[in-house]
Amino acid sequence: MKIGVVGLGYVGIITAAVLASRGHQVIGVDVDKEKVKSLNCNRSPIYEPGLDELLRKVKINYTTDYSKLSDVDIAFITVSTPTVNGKILLDHVFSAVSSLSNVLRRDAIIVMKSTVIPGTSRKAKELSGMEVVVNPEFLREGYAIEDTLHPDRIVIGGDKSAGDLVEEVWRFTNSPIIRTSLEEAELIKYASNSFLAVKISFANEIANLCERIPNCDVNVVTQAMGIDKRISPYFLKAGLGYGGSCFPKDTLAILGFSSELGEKLRIVEAAVEVNNERPLRAISAMKELMGEIKGKRICILGLSFKPGTDDTRESVALKILNLLEKEGAEVIAYDPKAKVEGIKIARNSEECIMSSEGVIIATEWSEFSGIEPILKGKYVFDGRRVLDLKKLDNAIMVGVSRCKR
Ligand code: UGA
């Protein structure tokens, strides 16, 4: 098929690359000239395992010119949908819909892959007069290619025959395909991300409780819980909370949307509240260990919102960094992949640790396991459960009571 992909962010680039690798003719459109230029030179603007290799193997035309999509069969919309002041911003989506409706063939199909609140795609259909199908994305950063090739499920919402064409695109995955209404497909994405956020916050509250009960370790508790098939072991890992470009924005967007409808999503609200408190745990732990933190040198290991990515959007590490600076601590940081301007960065974890009195592990990069010998004599807060507490003297770990050593 001839396929257009509008919006070359995470989801757009991966979708374009995977579909091109399946033999489709793909044209990628973005308004950002620099991004288009660098993609045309085979330089990916994002770090994602396996992506550079995949982009070198496929042929995709990247352009800023929507008219190049005039003869595509399908156009995926993968533009960003930020949440601003508790409300989803749909400007990019509607601008893409309007540009597409000016250039597409009348029988072409617009596929909404961007995460949008229920009702958005129906409005897009009415405004454009085009057939619109909702096909939400469930890929995780760090596993984006694998998740696109082998998703747990594919959701396709909308008209029967238009949906059939989109089904044909993804049939190679052999994943279960669920056909729904436009609104159901839109809501499935929010309900899924919110539920995962709830699971994480639940585990984090149990972690808080474990810290107050002698001889308790949250990992032992959640691992045993997870063996129950009804609960499952995933997204039960206690730590410093969720970050990234999805859970924080999507939970707030669905809360804003539901309250406009007069329905309070109390459980999601609580999950957000618990998550907002996670960075504070790092500060209270450092105070518990060091007493005063004003004027003390503290290092943060890990800046990305999770390991395996250089993405620092809504990263808990950066929130902790700001809080430490507000408290008057001197902060230095190290991350294997993420680059952040305006902060003091060490070349490696050893340099970061050596120049500090206190250490916070904020992202569980695998290279931080086994670093106990260089942490000797430091005050350590392990917010992501990578260290062996028995090997350290002055350390606190999320979810472990201090007497369990
Ligand atoms: C998430 C979803 O997992 C995807 O299914 C979805 O497509 C995507 O959002 C999106 O909406 O586009 P992603 O943001 O890449 O994917 O990252 P996750 O792997 O889900 O992790 C999110 C955050 O939760 C990270 O900060 C991670 O450290 C944290 N987390 C995850 C925990 O604290 N505990 C866990 O047990 C799992």
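The legends below describe close-up views of a predicted model.

Local features are given for this predicted model at pLDDT of at least 70 and side-chain atom pairs at pLDDT 80 or more, whereas totals for chains, interfaces and linings use all residues. Residues are numbered from 1 along each chain as its sequence is written, and side-chain values use heavy atoms, with hydrogens and water left out.

**View 1. Polar contacts between the ligand and the protein backbone.** A polar contact is a pair of N or O atoms within 3.5 Å; within protein, one must be able to donate a hydrogen and the other to accept it, and residues adjacent in sequence count only if both atoms are side-chain atoms. A polar backbone atom of E137 lies 3.3 Å from an oxygen atom of the ligand. For L139, the distance from a polar backbone atom to a ligand oxygen is 2.8 Å. For E141, the corresponding distance is 2.7 Å. On its own the ligand has 720 Å² of accessible area, of which the protein covers 90% (Shrake-Rupley method with a 1.4 Å probe; for residues, only the protein chains shown count as cover).

View 2. Helices (H or I, at least four residues) and strands (E, at least two) are DSSP runs, numbered from the N terminus.

**View 3. Arginine side chains over aromatic rings.** A charge sits over a ring if NZ of Lys or CZ of Arg is within 6 Å of the ring centre and within 35 degrees of the ring normal. R153 lies over the face of F138, 3.7 Å from the ring centre. R140 is placed over the face of Y143, at 4.3 Å from the centre of that ring.

View 4. A pair of aromatic rings is described by the distance of the centres and the angle of the planes. The whole structure contains five aromatic pairs. One of them joins Y242 and F247 in an edge-to-face arrangement, with 5.8 Å between the centres and 80° between the planes. Rings of Phe, Tyr and Trp (its six-membered ring) pair if their centres lie within 6.5 Å; planes under 30 degrees apart count as stacked, over 60 as edge-to-face and the rest as tilted. Y242 and F247 are both buried (under 20% relative accessible area, with exposed over 50% and partly exposed in between; 1.4 Å probe, protein chains only). F76, W170 and F172 form one aromatic cluster.

View 5. S194 is located in helix α8 and counts as buried because its relative accessibility is 6%. A96 belongs to helix α4 (residues 91-103); its relative accessible area is 0%, so A96 is buried. From A96 to G7 the C-alpha to C-alpha distance is 8.5 Å, and the two are 89 residues apart in sequence.

View 6. S232 lies in the loop between α9 (218-226) and α10, and its phi is near 70°, a positive value in a residue other than glycine. With a relative accessible area of 21%, S232 is partly exposed. R385, in the loop between β15 (379-382) and β16 (395-397), likewise is not a glycine and has a positive phi of about 60°. R385 counts as buried because its relative accessibility is 14%. D71 occupies the loop between β3 (60-63) and β4 (74-77) and, at 35% relative accessibility, counts as partly exposed. The C-alpha atoms of D71 and L149 are 26 Å apart, at a sequence separation of 78 residues.
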